[in-house]
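Subject: Structure handover

Hi,

Here is the structure I promised to pass on. Have a look at it first, and my notes on pockets, cavities, the ligand and the aromatic pairs follow below.

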Amino acid sequence: MSNKITMGADGRLNVPNSPTIPFIEGDGIGPDVWKATKAVLDDAVETVYKGERKIDWIEMLAGEKAFNATGEWLPAKTLELAKEYLVSIKGPLTTPVGGGIRSLNVALRQELDLYVCLRPVQWFHGVPSPVRHPEHVNMVIFRENTEDIYAGIEAQEGSEKAKKLLQFLQDEWGEGGKIRFPETTSFGIKPVSKDGSERLIRAALQYAVEKKLPTVSIVHKGNIMKFTEGSFKNWGYELAEREFGEKVFTWAQWEKIKAAQNEDAANQALKQAQATGKILVNDVIADNFLQQILLAPQDFSVVATLNLNGDYISDALAAAVGGIGIAPGANINYKTGHAVFEATHGTAPRFANTNTMNPSSLILSGVMMLEYIGWTEAAEVILKALKEAIMRKRVTIDFYKLMNDATLLKTSEFAEELTKSIK
Ligand code: NAD
């Protein structure tokens with residue numbers, strides 16, 4: 001029997017009992033945190049499924065390790081493996097400086113068209129946090145991963161491209177006057193499409209339906225960027241009403257009822273929708289959202305946003321629940337099934353091979369991977385073990401420094417702490 005995970009015609013993954021899953025251990029602290037992660041994942045699967053299920057790992061090369069072995073930062077073979085086996089996991093990668101590739105992560109996302117960057121943000125009891133009520137933070141961010149200013153269409157000040165673009169704006173659009181210093185302006189283009197926005201927002205809504213979550217918030221800067229961010233919001237509302245019908249109540253519907261009748265009637269409709277378990281789809285301007293996640297994080301559950309906003313928001317929320325050492329992530333194409341689960345922190349090169357860094361980000365990304373392939377029982381035991389280790393204050397240096405009376409563990413010892421607890 002094949003060991004490949006495949007996408008079924010019904011849009012569900014077919015997962016064999018011994019799926020082959022490619023991994024990239026990563027650069028810098030990658031090997032330390034990957035070793036710890038692999039030990040915990042294997043142990044949980046073995047303990048829960050008693051040998052009936054087992055992950056068959058194969059290594060893919062990328063980053064410095066690949067460069068040293070093959071002369072390439074991202075060998076074609078790696079992309080082939082990631083494509084062929086659908087689901088993979090990776091540690092952090094060094095971004096090559098001055099090379100042909102801007103970022104290996106961006107290259108992977110583009111090659112596999114991984115349009116959702118999924119970042120769950122939740123607080124584990126006892127994790128040191130800079131906010132007063134980190135327990136109120138429990139959100140899942142859906143960040144669009146393939147468009148926006150990240151498309152990389154830019155023109156440097158003084159270049160031929162910049163001059164031509166300026167000329168075009170002056171001659172064809174009559175917009176030259178809006179550019180304050182034409183001679184010294186660089187440009188960046190922000191492509192945002194209806195197709196790209198809809199597939200991201202659809203994924204966020206489906207997630208909310210499956211997990212029975214109360215709200216989906218479209219976070220945007222449409223008050224300023226009307227045709228990109230503003231359209232993202234409008235397309236989102238239209239899609240929610242068109243495809244999710246009775247399952248949702250949108251803020252756009254609220255506005256319509258208010259305009260046709262009055263505010264009381266709109267509030268009444270909202271109340272009724274919430275009482276009958278409908279998902280509230282609303283929108284929040286990005287700057288206000290960054291304020292609200294400090295003031296009232298409990299008001300948000302699922303967040304759908306464009307690429308750049310998502311970048312800022314993910315880090316701000318990660319900080320609220322304990323920082324990058326514990327924030328997991330995944331890049332997913334829900335149509336093809338392709339998914340790359342990843343540590344969200346970088347390679348922290350100063351700490352390479354010190355066996356001191358926190359492996360929780362990659363371990364929790366592994367938990368997301370187990371959930372994604374439907375091995376939820378194994379995911380649950382790891383989560384429980386991780387929560388217990390933090391409660392017992394047996395932690396790595398990042399948390400140790402911020403906790404009173406904690407016990408300092410090395411990366412590998414933290415993994416052992418979890419495996420002991422799983423058994
Ligand atoms: P970084 O995340 O590597 O490190 C910043 C600081 O965060 C570290 O000095 C350390 O104090 C702390 N930190 C990071 N991971 C931690 C962990 N697991 N446990 C405890 N503390 C941790 O960011 P950087 O220094 O800006 O980037 C270093 C390299 O990593 C660069 O080459 C960058 O391009 C790359 N990078 C890769 C990814 C990725 O592969 N997803 C993400 C970000 C940065």
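A word on residue classes before anything else: Ala, Val, Leu, Ile, Met, Phe, Trp, Tyr, Cys and Pro count as nonpolar, Asp, Glu, Lys and Arg as charged, and the others, Gly among them, as polar. With that in hand, the lining of the second largest cavity splits into 3 nonpolar, 2 polar and 3 charged residues.

Keep in mind that this is a predicted model, where local features need pLDDT of at least 70 and side-chain atom pairs count only at pLDDT 80 or more, while totals for chains, interfaces and linings use all residues. Numbering starts from 1 along each chain as its sequence is written, and side-chain values use heavy atoms, with hydrogens and water left out.

Cavities

The search ran on a 1 Å grid over the protein atoms alone: a cavity is a set of points where a 1.4 Å probe fits but cannot get out, a pocket is an open set with protein on both sides within 12 Å along at least five of seven lines, and lining residues have an atom within 4 Å of a point. Grid points are joined across faces, edges and corners, and a volume is the space filled by probe spheres set on the points.

Over the whole structure, 2 cavities of 30 Å³ or more turn up. The largest cavity comes to about 60 Å³, and its lining consists of V106, R109, Q110, R143, N145, T146, Y150 and N307. By class that is 2 nonpolar, 4 polar and 2 charged. Helix α4 (residues 104–111) contributes the most here, with 3 residues; helices (H or I, at least four residues) and strands (E, at least two) are DSSP runs, numbered from the N terminus.

The second largest cavity holds about 40 Å³. Around it sit K90, N105, L108, R109, L114, N331, V340 and E342. Two or more of these lining residues come from each of α4 and β15 (339–343), and α4 has the largest share, 3 residues. R109 is in the lining of the largest cavity and also in that of the second largest cavity.

Pockets

The largest pocket has a volume of about 1500 Å³. Its lining runs to 50 residues, with L118, Y207, E210, K211 and Y334 nearest the centre. Which element gives the largest share of that lining? It is α6, with 6 residues. At least two residues each come from several elements, including β6 (116–122), α6 (194–210), α11 (307–320) and α13 (376–391). The classes are 28 nonpolar, 11 polar and 11 charged.

The second largest pocket has about 660 Å³ of space. Of its 16 lining residues, L169, W173, G188, I189 and K190 lie nearest the centre. Here α5 (160–171), β9 (187–188) and α7 (226–244) each give at least two residues, and α7 has the largest share with 3. This lining has 9 nonpolar, 2 polar and 5 charged residues.

The ligand

There are 19 residues around the ligand, and L93, T95, G346, A348 and N358 are the closest; near means that a heavy atom of the residue lies within 4 Å. The shell divides into 9 nonpolar, 8 polar and 2 charged residues.

T95 places a polar side-chain atom 2.6 Å from a ligand oxygen. L93 has a polar backbone atom 2.8 Å from an oxygen of the ligand, and for G346 a polar backbone atom is 2.7 Å from a ligand oxygen. The protein covers 65% of the 810 Å² of accessible area that the ligand has on its own, by the Shrake-Rupley method with a 1.4 Å probe.

Aromatic pairs

Rings of Phe, Tyr and Trp (its six-membered ring) pair if their centres lie within 6.5 Å; planes under 30 degrees apart count as stacked, over 60 as edge-to-face and the rest as tilted. That rule gives 10 aromatic pairs. One of them is F23 with W57, edge-to-face at 6.3 Å centre to centre and 85° between the planes. F23 belongs to strand β3 (residues 20–24) and W57 to strand β4 (residues 56–59), so this pair ties together parts 34 residues apart in sequence.

Cheers

Definitions and conventions. A polar contact is a pair of N or O atoms within 3.5 Å; within protein, one must be able to donate a hydrogen and the other to accept it, and residues adjacent in sequence count only if both atoms are side-chain atoms.
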